Amino acid sequence: MKLTLENLDQLDFSKGDGLLPVQGLLPVIVQHARSGKVLMQGYANREALEHSLQTGAVTFFSRSKNRLWTKGESSGHTLKLYNMTADCDRDSILALALPQGPTCHTGSETCWFDTDANSPSLSFIDDLEQVIHSRYGADPSTSYTASLFAKGVKRIAQKVGEEGVETALAATVGDKEELKNEAADLLYHLLVLLRSQDMALDDVVQVLKQRHK
């Protein structure tokens with residue numbers, strides 16, 4: 001169930017009573033809206049959920065502070081809410097969010113330090129996009145990506161075309177190892193091309209989702 005201000009009454013806030021130090025709390029798992037990485041877990045009462053929905057910043061009820069606590073209220077590393085849903089029993093919340101900086105108080109991206117075990121394979125695409133984004137406008141001598149941006153969209157588009165042909169040829173001759181390498185080059189250059197047009201792979205995914213419907 002996707003949460004809105006109008007359907008919060010349908011949540012079962014009584015499920016954890018007697019088990020938690022503060023009654024009326026539900027566990028909230030926060031997941032990266034693009035990469036799928038699990039970022040953190042906290043608790044929220046109805047007021048905290050209302051605040052999250054109204055402000056777009058993920059907010060919890062802090063059991064140690066005994067008050068509402070918006071993630072990043074001190075550090076500035078907020079969690080920009082994408083959406084919140086309840087599970088089948090309506091007693092647990094999944095919040096999809098885009099982190100504005102590291103989520104963990106230690107400075108780590110997530111509160112689970114073993115990021116390789118915590119990360120779905122495709123989450124690396126988001127990591128790669130962030131690296132590509134950081135190279136946009138940088139000194140061309142500092143990296144291959146920065147040099148591509150400096151050469152302009154025509155050169156980047158040319159590289160996408162070249163890598164597309166090489167990927168197709170590798171498949172045609174049945175060279176699977178070469179196919180993997182060329183496909184990786186194609187995907188990388190496509191991400192660079194999208195960034196040069198102020199777009200991301202998520203924009204393409206949204207089109208695919210719409211077509212699937």
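**Salt bridges in a predicted model**

Colleague: Which residue does the side chain of Asp9 meet in a salt bridge?
Modeller: Asp9 sits in the segment before β1, and its partner lies in helix α1, 37 residues apart from it. The N to O distance is 2.3 Å, and the residue is Arg46.

Colleague: And is Asp126 buried or exposed?
Modeller: Asp126 forms a salt bridge with Arg34 (3.0 Å, N to O). The pair links distant parts of the chain, with Asp126 in helix α3 and Arg34 in the loop between β1 and β2. Arg34 is partly exposed at 42%. The cut-off for burial is under 20%. Asp126 has 6% relative accessibility, so it counts as buried.

Colleague: What is the N to O distance between Glu73 and Arg67?
Modeller: Let's look at both partners. Glu73 is partly exposed at 39% relative accessibility, and Arg67 is partly exposed too, at 35%. Their side chains meet in a salt bridge, with an N to O distance of 2.9 Å.

Colleague: How many salt bridges does a search of the whole structure find?
Modeller: Some salt bridges join up into a network, linking Arg155, Lys159, Glu162 and Glu163. For the whole structure, the number of salt bridges found is 11.

Key: Residues are numbered from 1 along each chain as its sequence is written. This is a predicted model: local features need pLDDT of at least 70, side-chain atom pairs count only at pLDDT 80 or more; totals for chains, interfaces and linings use all residues. Side-chain values use heavy atoms; hydrogens and water are left out. A salt bridge is a side-chain nitrogen of Lys or Arg within 4 Å of a carboxyl oxygen of Asp or Glu. Helices (H or I, at least four residues) and strands (E, at least two) are DSSP runs, numbered from the N terminus. Buried means under 20% relative accessible area, exposed over 50%, partly exposed in between (1.4 Å probe, protein chains only).
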